[in-house]
Amino acid sequence: YFPTILILLLFSCDSSLDDSLEPKQPVVTKSKWSKQEVVTGFSFPIETIFFIDETTGFVGGQSGIFKTIDGGETWNKLNALPETRVFGIFFVDLNNGFVATTGGLMKTTDGGETWDLTSFQHPLTSVFFISPTTGFIGSSSDPGDLSSIKLYRTTDGGTNWNVVLSENNLDGVRDIRFINTTTGYARMGGHIIKTVDSGVNWEHSFSNTDPSGATYGISSLAI
């Protein structure tokens, strides 16, 4: 029995306009899901998936990180990465990428062939960049210090990191996502936080609470 991942072939839409200014109906093709086998050696859970383009992508989790260069048909483990649990993957281009792990932030400059542990060595749960220089990492909780949940920002490609949010939370900062260079969201337990100034300031946007005030976890955030 091999664990599998699902890859979504997204709807395609032609929404171009001509000089007539007449609105056009989008041309929508049928979506399709296909089950992809992951090579032997990958064990559940799969924590994160990231594709640079239609052929090159990565999955990470308890077994480290695996890479595909054929659109997910085959996967190979990147053994250069130390044995660690991977929670977040982000590549700014084909060569330069980061992974958020239980051991800290790892960086590659050769497409994942080799990895270096950066100076940031606190357990992490997510990573996201809005440009080659500006990015974010989210930390996980320290059982002895719940206020250790922090969101960090860099403006120099990951050399230095500054705290932009600190909260008491058990789940850590996960699923950092931006819809453009200024507006972004992230998930923390049962809360969604939002920024409108490129991540300099963050505020609570949504809380998954019931009428009694109890808060329930949010499993995923996709934008």
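**Sheet.** I looked up the open sheet first: four strands sit in the order S15-S16-S17-S18, with antiparallel pairing. Strands here are DSSP runs of E, at least two residues, numbered from the N terminus, and two of them pair if DSSP finds at least two bridges between them. S15 (173-178) and S18 (203-207) are the edge strands, each pairing on one side only.

**Ground rules.** I'm working on a predicted model, where local features need pLDDT of at least 70, side-chain atom pairs count only at pLDDT 80 or more, and totals for chains, interfaces and linings use all residues. Residues are numbered from 1 along each chain as its sequence is written, and side-chain values use heavy atoms, leaving out hydrogens and water.

**S17 and S18.** I found four bridges joining S17 (residues 191-195) to S18. Isoleucine 193 has histidine 204 in S18 as its bridge partner.

**Salt bridges.** I got three of them, taking a side-chain nitrogen of Lys or Arg within 4 Å of a carboxyl oxygen of Asp or Glu. Which residues form a network? Asp175, Arg177 and Arg187 do. Arginine 187 meets aspartate 175 at 2.9 Å, N to O. That pair links strand S16 (residues 184-188) to strand S15, twelve residues apart. Arginine 177 meets aspartate 175 at 3.9 Å.

Then I checked burial (buried is under 20% relative accessible area, exposed over 50%, partly exposed in between; 1.4 Å probe, protein chains only). Arginine 187 and aspartate 175 are both buried, while arginine 177 is partly exposed at 29%.

**Another pair.** Glutamate 47 bridges to arginine 85, with the closest N and O atoms 2.5 Å apart. They are 38 residues apart in the chain.
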